[in-house]
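Visitor: I would like to go through this model term by term. Please set each label against its definition.

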Amino acid sequence: MKITTLMGGPLDCTVAFQLKLTMIFISGQNAAMRALPALLACSLVLPGCARSTAHQAGRVEVVAGVYPLAYVAERIGGAHVHVTDLTPAGAEPHDIELSPAQVGEVQQAGLVLLVHGLQAALDAAARGNVLDAAQVGAPPAPGLAKDPHVWQDPVRMSAIATEVAGRMAARDTAHASDYTAGAAALVADLRRLDADIRAALGHCARHDIVTSHEAFGHFAARYGLHQVGIAGISPDADPSPRRLADIAAYVRTHDVTTVFTESLVSPRVAETVAREAHVRTAVLDPIEGVRPGDDYFTVMRRNVAALRVALGCT
Ligand SMILES: [Zn+2]
């Protein structure tokens, strides 16, 4: 595969990568400074390896800030799109930083999918055909306006799916009917999920969920639960000892059986609260990334199974 570099002339991707590595290993401050412009040029060019493949195949380049949006794009776009998830596998998406190469990739993408307020670096870099999933669907309740975890609500996800299909169809009219069909299949799956969750959580002894960070506000609002987050909207904010004591007291006085941990963030703080209050822990996954073999639906259904146990649902 050949790519055109900013230095002019075609360059094989492998050679470009080796060149970048070579420049990283140039020793001495002066040499490093001299190499910087070329290194930067090379960094900006490297994503072209992937992009050029997609371009040659006539695919729409889609960049997503977080897994659930990448999943929607892949389900709807199929072979007509090339999707890049900016959050690395196993990493937590809040406050990701973007390399100059990634900023270039975002700005040249055919479609950018983000949730405004989730990732400041992406909010700042995005331009052009940008879909802010926070703006799709019915306006959220006032308390949820700043909660970026919109994918936790399957009804909101359905609206996002339809909007994504519309954006893809406008960009690539030749495959418009495929995008519409892809969205219809995804929306059907989401409707089934929504109905199953309503049935699963319809008769529960308890309705309070104590979570690691406040990632389940949209879910709680949709299904009549009350969320108490140990950390705030973003998991990086360390709760104060006072906050931990208050939550432990809440757990004891509200008959809460379980403090929920999550998969991408250390369970240490949640485990401390659970120990203080003499209750157990279980995983409630915000779906900010998935393990191999999982997808949005498998994790949502696992979450619902964990909630049924914790809330005493029949
Ligand atoms: Zn989150």
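Visitor: What makes β7 and β8 a pair?
Guide: Two strands pair if DSSP finds at least two bridges between them. Strand β7 (residues 208-211) and strand β8 (residues 226-229) are joined by four bridges and run parallel. Strands here are DSSP runs of E with at least two residues, and helices are runs of H or I with at least four, numbered from the N terminus. This is a predicted model, where local features need pLDDT of at least 70, side-chain atom pairs count only at pLDDT 80 or more, and totals for chains, interfaces and linings use all residues. Residues are numbered from 1 along each chain as its sequence is written.

Visitor: Which residue in β8 is the bridge partner of threonine 211?
Guide: Glycine 229. From β7 the chain crosses through helix α9 (residues 217-223) to β8, a right-handed β-α-β crossover.

Visitor: Why are α4 and α8 called oblique to each other?
Guide: The axes of α4 (residues 67-77) and α8 (residues 176-200) cross at roughly 125° and come within 7 Å. Axes are lines fitted to C-alpha atoms, for helices over the stretch in contact; angles run from 0 to 180 degrees between N-to-C directions. Under 35 degrees is roughly parallel, over 145 roughly antiparallel, 65 to 115 roughly perpendicular, and the rest oblique. So α4 and α8 are oblique.

Notes. A crossover is right-handed if, with the strands pointing away from the viewer, the path from the first strand over the helix to the second runs clockwise.
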